[in-house]
Amino acid sequence: MVKKVLVTGGCGFLGSHVCEFYRQKGAEVIAYDSMTKGELNRTGFAVDSARDHNMNYLKGIGVEIARADVCNFEELADNANGCDYIVHTAAQPAMTISWEDPRLDINTNVIGTFNVLEAARKLKIPVACCATIHVYGNKINETLKETEKRYTREPVGIDETHPTLEGKITPLHASKAAGDIYVKVYNDTYNVDAASFRLTGIYGTRQFGGEDHGWVANFGIRSVMDWPLTIFGTGKQARDIIYATDICEAFDAFYRTRKPGIYNIGGGEDTVLSLLECIDILEEINGQKPNVKFEPARHGDLSYFVCDISKARRELNWEPKIKPRQGIEKLMEWIKENKSIFG
Ligand SMILES: NC(=O)c1ccc[n+]([C@@H]2O[C@H](COP(=O)([O-])OP(=O)(O)OC[C@H]3O[C@@H](n4cnc5c(N)ncnc54)[C@H](O)[C@@H]3O)[C@@H](O)[C@H]2O)c1
């Protein structure tokens with residue numbers, strides 16, 4: 001059982017769920033976060049309230065906050081000292097920001113992940129790192145069929161043996177793939193118990209999704225606020241979306257089973273949803289059609305990804321539980337309860 005955990009990016013969306021998950025299990029939890037406002041400044045939300053929301057929530061459930069940067073190795077190692085697990089969710093997670101500011105991207109995602117792995121090696125702590133399904137690149141776009149509402153593909157699921165970085169890639173592809181490779185390096189060379197989780201589209205409460213990343217929350221927030229929302233591309237882009245707590249279960253399964261390596265983590269074939277289908281669900285929940293604009297697809301976009309989660313099922317004995325309709329309803333309740341944060 002985890003007794004004390006360091007969660008980098010702990011005040012972000014996924015990190016806050018990891019913190020909550022381990023507090024509920026009685027562990028001591030440190031949320032290590034630089035509290036960057038870079039992406040929030042682009043959303044139109046009430047930036048300071050949005051930025052502090054997760055931190056205040058975590059303080060309220062007894063999480064210790066360390067306001068610091070993953071690029072600062074000494075501070076990171078200091079905070080990791082005495083922990084028995086590190087979950088590394090801190091990142092520059094947006095493709096758009098990566099091409100606008102490639103230095104921020106490489107520093108946060110490559111140096112940050114390297115520092116986390118070094119801390120884990122020196123302190124002999126197991127570590128879970130967040131990669132993304134974008135490490136596969138976007139040549140998959142050339143293999144798709146199209147139905148009325150979504151892109152499809154045969155076979156449906158894509159596993160960890162699929163070639164990586166194919167197609168036209170961005171700095172984010174490179175930085176997240178580098179982190180993913182370094183996890184393997186630390187496992188192969190230093191025997192660090194490290195896993196890289198290639199995550200699909202995630203959604204849930206405490207997600208301040210904007211146009212840069214977090215599309216389910218972005219659409220949900222905009223539909224509740226009655227703001228127009230933009231779809232880049234046809235809207236037929238499809239993902240096996242996964243609710244944040246299902247990912248926390250996967251991180252914890254890795255801590256218990258200690259089977260290092262790379263895992264595709266998503267909801268699998270049962271949770272596939274396109275952007276257009278997500279809009280339909282939001283309309284059903286809200287009783288009103290969101291005001292949707294269309295713009296051309298963006299550089300680097302991936303039109304389809306559904307994880308083949310057989311490896312995680314087999315090795316980690318893990319199974320995602322939450323279905324899209326159920327998860328989106330929870331997200332929408334949270335948005336409605338917190339309307340003042342958004343504008
Ligand atoms: N949200 C998704 O749909 C999705 C999909 C695939 C992969 N991922 C990955 O999951 C992880 C978590 O994503 P998220 O959606 O929760 O992102 P998020 O932006 O909500 O959270 C990231 C947190 O990291 C913090 N951070 C950024 N730079 C930092 C630094 N230099 N030092 C310390 N903290 C820093 C931010 O302040 C933020 O609180 C990321 O690695 C991301 O790439 C997310």
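Mentor: Helix H2 has a kink of about 35°, centred on His53; the bend at a residue is the angle between axes fitted to the seven residues ending there and the seven starting there. Helices here are DSSP runs of H or I with at least four residues, strands are runs of E with at least two, and both are numbered from the N terminus. This is a predicted model, in which local features need pLDDT of at least 70, side-chain atom pairs count only at pLDDT 80 or more, and totals for chains, interfaces and linings use all residues. Residues are numbered from 1 along each chain as its sequence is written.

Trainee: How many residues does H2 have, and how far does it reach?
Mentor: H2 covers residues 47-60, which is 14 residues, and reaches 20 Å from its first C-alpha to its last. That is close to the 20 Å expected at 1.5 Å a residue, where the expected span is 1.5 Å times one less than the number of residues.

Trainee: What follows H2?
Mentor: Gly62 follows H2, with a positive phi near 90°.

Trainee: On to the sheets. What is the strand order in the sheet of 7 strands?
Mentor: The order is E3-E2-E1-E4-E5-E8-E13, in an open sheet with parallel pairing; two strands pair if DSSP finds at least two bridges between them. E3 (64-67) and E13 (261-265) stand at the edges with a single partner strand each, so one side of each has no neighbour in the sheet.

Trainee: How many bridges join E5 to E8?
Mentor: There are 6 bridges between E5 (residues 127-132) and E8 (residues 194-199), which run parallel. Cys129 stands opposite Ser196 in E8.

Trainee: Which strands does helix H1 lie across?
Mentor: Helix H1 (residues 13-24) lies across E1 (4-8), E2 (28-33), E4 (85-88) and E5, and runs at about 165° to E2. Axes are lines fitted to C-alpha atoms, for helices over the stretch in contact, and angles run from 0 to 180 degrees between N-to-C directions. Contact requires C-beta atoms, placed from the backbone, within 7 Å.

Trainee: And helix pairs: at what angle do H5 and H6 cross?
Mentor: H5 (residues 102-123) and H6 (residues 171-190) cross at roughly 15°, and their axes come within 9 Å. The two helices are therefore roughly parallel, a label for angles under 35 degrees. Residues of H5 that meet H6 include Ile106, Val110 and Phe114.

Trainee: What about the sheet of 3 strands, what is its order?
Mentor: That open sheet has the order E14-E11-E16, with mixed pairing. E11 (residues 238-240) runs parallel to E16, joined by 2 bridges, and Ala238 has Tyr304 as its bridge partner in E16.

Technical notes: Angles under 35 degrees count as roughly parallel, over 145 as roughly antiparallel, 65 to 115 as roughly perpendicular and the rest as oblique. Two residues are in contact if their C-beta atoms, placed from the backbone, lie within 7 Å.
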